[in-house]
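Please consult the sequence and the structure below alongside the text.

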Amino acid sequence: MSDTQTLIENRPPSVAGLFLDRVAATPDAEAYRYPVPPAAGEGPDDWKSLTWAQTAERVYAIAAGLIELGVQPEERVALASATRVEWILGDLGIMCAGAATTTVYPQTNTDESAFILSDSGSKVLIAEDVTQLAKVREKRAELPELTHVVVIDPAGVETGEGVLTLAELEQRGAAYLEKHPDLIKERVGAITKDQLATLIYTSGTTGRPKGVRLPHDNWSYMAKAIAATGLVGAEDVQYLWLPLAHVFGKVLTSGQIEVGHVTAVDGRVDKIIENLPVVRPTYMAAVPRIFEKVYNGIAAKARAGGGAKYKIFQWASEVAREYAKAGQDNFRRTGTASVPFALSAKHKVADALVFAKIREAFGGNLRACVSGSAALAPEIGFFFAGAGIHILEGYGLTESSAASFINPGEAYRTGTVGKPFPGSEVRIADDGEILLRGPGIMEGYHGLPEKTAEVLESDGWFHTGDIGELSPDGYLRITDRKKDLIKTSSGKYIAPAEVEGQFKGVCPYVSNILVHGADRNFCTALIALDEPSILGWAKDNGLEGKSYAEVVAAPGTVALIEGYVKELNGGLQRWQTIKKFRLLPRDLDIEHGEITPSLKLKRPVVEREYKHLIDEMYAGSREA
């Protein structure tokens, strides 16, 4: 048996157990960094740190406080908060109490929040602030099982009648621990591997979300598997901003506990650019939309610098892509990423002019980024690879505890999601669907045995609903969601995500694009533009001072995007080409339910919302 197999197969039953081991092994090492905004409200944040021992003191107090409130093993404690250090402390406290975390996005509306709390049977809610508390108070009559609400930020909160602050919970827990000093060790020691650890509700495109049941063994496996990849080490600094209510964010906390590196936590997306030079991470995980926004921002800044600067950027972009493709192709053949001398010389010049500044904007220490949740446009991936920002795409689902595939370090291949995690299996069904089996797969959907049986076979194979291809040496490429495949009226199948990804690599102004064409005789697209980028263009093209809606409605803007659509079509099969498009009057967003909190497109919602534009594009058409 290999060392990797031993590491994974001899895993403990829970991450709570791993946490106790980590605290014992490196009590004085730095565990977390978190920002504290200045009291006056202006100026830079003051970053504070917690050692593993200090983290444990707070985690154990939260766990004991929950036990004192009457929380029993496997009972659910909900967490409704943005990503912040208290989210992690709360989640670890819940696990160390032997209970199970129900995750709730802070953006979730009142009705759906109440549904999740009710369906999960959550007994306690840890709420971020008065806004999250208000949702519960509005639906109090529908939540008879909810006994207490613990609020992280006390501002404006009236305590009493089942409401207390996190500080009060920790004080009660610390006092309870003085009387029962072995309480945490006993609770953690009693956890079994098949005991429920987490309930994560998938943000369904139709109907109510389903609760995915992830037992403790899922997270223990993920912790060991992440360590076994060798991609992260104890000296790393992770910048964690992803939503912790989402499985992608949550899995990163498990890996960190096993490896023992530092994690800087701040979920404010608008602070990413400001935080990177402060945190100086060695690695971070993100979703494709973040890399797209950074790319659009770099292109817009170059354009604003005048024609000469923009030409240099365009030249450097092509050099980056050519360099990355050549290096990856050579690595595949020979095991070294060497490139021809002439290309290397061009790259050296482009690096001095453009790429070094990009790396510095990411903090200057970044070894690699992990991208997941949706497909990254390969042209954007190659651009960053050539600029020295190595983006390792991975793949997984809520139902597989987030990570099933990851690109293997130096041998990464842009456009693929890499190879399976150690201990996981994959096969491609006859219809192209990706099937997964392994210790990361969910127990099932909460209270929905029929829905579970639809996707989970008795021998453990899980139907992902994604279509993909495996290379002879085991790299997986995702081509589309099974349910999203378009079949035109002429019988041709089209993978819209593939076309959409190509457009994002071509057009530096796009924010979101939806390709439509099911049962139609040609394809169309709804396109939302990136507001800062297109307003920057508008300023230089006679549209300064106009609103976003006015800019996207302007003939000049339509003509600009039409040029990029023609460029896209030049590289597509005839039946894939976009014959008509419409620019949307605003960008798609979470608040309107058009994208998920992990920034995935909700196709049915967008198609319903803009049905009039889709109908308009096909009205009276006889195009073949």
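The structure is a predicted model. Zero disulfides are counted in it, and helices α17 and α20 cross at roughly 125°.

**Cysteines**

- A disulfide requires a pair of cysteine sulfur atoms within 2.5 Å, and by this rule the count is zero.
- For Cys507, the closest cysteine sulfur belongs to Cys523 and lies 18 Å away, so the separation is too far for a bond.
- Cys507 is buried, because its relative accessible area is 0%.
- Cys96 also has a relative accessibility of 0% and therefore counts as buried.

**Packing of α17 and α20**

- Helix α17 spans residues 496-506 and helix α20 spans residues 555-569; their axes come within 10 Å and cross at roughly 125°.
- Because of this angle, α17 is oblique to α20.
- The crossing of the two helices, α17 and α20, is right-handed.
- On the α17 side, the contact involves Val499, Gln502, Phe503 and Val506, which meet Ile561, Tyr564, Val565, Glu567 and Leu568 of α20.
- Classified by residue type, this contact of α17 with α20 contains seven nonpolar residues, one polar residue and one charged residue.

**Pro44**

- Pro44 is located in the loop that lies between β1 (30-36) and β2 (46-51).
- With a relative accessibility of 69%, Pro44 counts as exposed.
- Between Pro44 and Leu133 there is a sequence separation of 89 residues, and their C-alpha atoms are 29 Å apart in space.

Terms used:
Residues numbered from 1 in each chain as written. Predicted model: local features only at pLDDT ≥ 70, side-chain atom pairs only at ≥ 80, totals over all residues. Heavy atoms only, no water. Buried < 20%, exposed > 50% of the residue type's maximum accessible area, 1.4 Å probe, protein only. Axes fitted to C-alpha atoms, helices over the stretch in contact; angles between N-to-C directions. Helix = DSSP H or I, 4+ residues; strand = E, 2+ residues; numbered from the N terminus. Parallel < 35°, antiparallel > 145°, perpendicular 65-115°, else oblique. Left-handed = near helix turned anticlockwise from the far one by under 90°. Contact = heavy atoms within 4.5 Å. Nonpolar A, V, L, I, M, F, W, Y, C, P; charged D, E, K, R; others polar.
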